[in-house]
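Please look through the structure below with its sequence beside it.

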Amino acid sequence: MKRWKEPLLHLSLVNKLILAFSVFVVVPLLLIGGVLSWVYVENNRDTMLGAAVETNKQILSNIDTSIQPLLRLSMLPIQEPTVYQIMQKDYNKLQYPLLERGRDYDKVNNLIRNGIMLYSETIDSVTIFQANNHLVFGRSSSEYINSDYAQQQFLQEGFVQEIQAMDGQYVAVGIHNDYLLSRQGVPVVSIGRAIMDPYSKQNLGFILLNISVDKLRTFWNDSALTENTSFYLIDEKGRIIYGQQHEQIGQMASTVLDKDFLDKSASHQSQTYWGNSDQYILSSLSPLTGWTAVTVIPKRELFSVAYQMAIVLAVSLIVLLILSVMIATRVSHTIMKPLAVLKRKMKLVSQGKLDVQFEPQYGEIGIISNTVDNMLRNIRELIERIYREENEKRELEMLALQSQIQPHFIYNTLNVIKWMAKIQGAAGIEEALGAFTSVIKFTAKAQGTYTAIGEELEFIQNYTKILDYRYMGKFEVDYSVDPSLVHYRTLKFLLQPLVENAVFHGFDGIAYKGQLKIEMYKDRDGIMMEVTDNGKGLAYDNQEEQHKGVRDPLNSIGIQNVRERIALHFGQGYGLWLVDASTGGTTAIIRIPVIEDEGKDELK
């Protein structure tokens, strides 16, 4: 086993696929095809004979289905009051017999045409015979009637006497010639029934429905198993109703078919088959009419079909063998070529060339190629985004750093002026300079990007105090801050641009006192900061001013700067939104994450 396993492991994928196709496709096809061919040849006989028996049964079933409505139509003379009364008349006792008979003749014929002939295409002709006057009283064809035959021989026919003897039961009459309504005496089969008085049981006559043999021929169309398969329909007396040759119609079946078979089939009630050296003879018996359907199949034709199918199957297997090898080769190359391309490009990726492009592929290889292509595209986009964000962060930090250089000098100068105002007793100037000095001191801090919320709040309080002096009490400030938030950390200068925007632009030109409310509270996993004013609202002069806000000439950090810093440090789910306030002004809403670690400058 190891001797075979080692060489197989070293085969290329192409050879492995060809070998796999040969073993798992071709070999089973050869084995199964050979076994099935042998089994088919052995069992073909029983299968085809069974199919022939079923065909016989179906033919008889079709005939019985067509004759069944005729049994109901044969009851019409008894069920129809008009016909029943006419069948009881004795015209010799009437005053005008010819006139009365002519009228009744028309009534009965109209009833035959409209009540019987229209309901079945199988019926070829109909005859109603009245016993009291020995008259053929109704018939489907008014063009011709053989009067001599009707008066002298018709009642002497064996099938007529059998119908009258059955006392109202239906009789399936086998093959006979219709000399009454046909000039040439065409062969027909019939359904007859005696018309009995239900009270006196008197025989009033009979009805005879004839079916042309030519109409029965349609039941055998396209049902032959072989080219020379023969079909016969034999009546209850052993006479041929239908045969392969027209001359056989009416002959005894024993003169055409095997006598031993006829004796054997006569002893069976359903179906049987008989085989001799040359042919198979199959039969099925109809329980409705007593007729027998017979199929004769030559043996040589039956097995020639089986042998031809075996040859076709063998040739098909050889073709499948060749096609399997060709398909295996084609499939292997189809798989190997995309894999080779994928391998070569992945080698370039491993060397750091991330700009490799993959051509569109199909199937599983296409899925892998598209996945790798998407991965490389995401990597390139990630690298570009990180590079862009780092540049933006450095620019913003440089901007904040530059804003801190000038305040150091201003802070020292203002501190000297503050002490001079205190020495001279100018309390208002001292308080204003103290607030301004605190603002400059907070602005001048250089370490870190984050600050405590308490420090940011203290900065805003000093900033609003300076604005209050500047606008001489034009607005009031209300603070609503959760005390538990003062130790959390936030980005510097988040609220100052919002307060500045509310005072400089929201309260500009209003005739009433401005109200400024600053709120801070915790919302699930974030901290909410809101700056609400009752000023003019969001009616800016232009869209750019509304979107970006107004920049402070002192620190150059505007509303757009706040948005960008929040997005850069915290990502999606956090930001700055401007909405209309319920008081008629504007509400600026900031949402940032909860940062507890005092030494943490970045959010993971």
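How many residues does helix 16 have, and how far does helix 16 reach from its first C-alpha to its last? Helix 16, which covers residues 559-570, has 12 residues and reaches 16 Å, close to the 16 Å expected at 1.5 Å a residue, where the expected span is 1.5 Å times one less than the number of residues. Helices (H or I, at least four residues) and strands (E, at least two) are DSSP runs that are numbered from the N terminus.

This is a predicted model, in which local features need pLDDT of at least 70 and side-chain atom pairs count only at pLDDT 80 or more, while totals for chains, interfaces and linings use all residues. Residues are numbered from 1 along each chain as its sequence is written, and side-chain values use heavy atoms, with hydrogens and water left out.

A residue is called buried under 20% relative accessible area, exposed over 50%, and partly exposed in between (1.4 Å probe, protein chains only). Because 10 of its 12 residues are buried, helix 16 is largely enclosed by the rest of the structure; among these buried residues are I559, V562, R563, R565 and F570. After helix 16 comes G571, which has a positive phi near 80 degrees.

**The whole chain**

The protein chain holds 16 helices and 17 strands, and 41% of its 604 residues are buried. If contact is taken as heavy atoms within 4.5 Å, then 63% of the contacts between residues at least 6 apart in sequence join residues at least 24 apart.

**A sheet and its helices**

Two strands are said to pair if DSSP finds at least two bridges between them. By this rule, an open sheet of 5 strands has the order 12-14-15-17-16, with mixed pairing. Its edge strands, each pairing on one side only, are strand 12 (475-481) and strand 16 (575-580), and the twist averages 15 degrees from one strand to the next. Strand 12 pairs with strand 14 (residues 514-523) in the parallel sense over 7 bridges, and Y479 stands opposite I518 in strand 14.

| Helix | Strands it lies across | Angle |
|---|---|---|
| Helix 13 (residues 453-470) | strand 12, strand 14 and strand 15 (526-533) | about 170 degrees to strand 12 |
| Helix 14 (residues 496-506) | strand 12, strand 14, strand 15, strand 16 and strand 17 (586-593) | about 155 degrees to strand 14 |

Helix 14 is mostly covered, with 9 of its 11 residues buried, including P497, L498, V499 and G506.

**Nonpolar cores**

A nonpolar core is a set of buried Ala, Val, Leu, Ile, Met, Phe, Trp, Tyr and Cys residues joined through side-chain atoms within 4.5 Å. The largest such core has 40 residues, of which I63, I116, L209, W220, L233, I241 and W291 touch the most other members. Helix 2 (residues 13-73) gives the most to this core, with 7 residues. Once neighbours within four places in sequence are left aside, W220 is in contact with I59, I63, F231, Y232, L233 and Y242. Another core, of 37 residues, lies apart from the largest one and includes Y463, L495, F507 and I590.

**Two loop residues**

Most residues other than glycine have a negative phi. D167, however, has a positive phi near 55 degrees; D167 sits in the loop between helix 7 (158-165) and strand 3 (170-178), and D167 counts as exposed at 55% relative accessibility. M472 likewise has a positive phi near 55 degrees, lies in the loop between helix 13 and strand 12, and is exposed, with a relative accessible area of 73%.

Conventions
Axes are lines fitted to C-alpha atoms, for helices over the stretch in contact, and angles run from 0 to 180 degrees between N-to-C directions.
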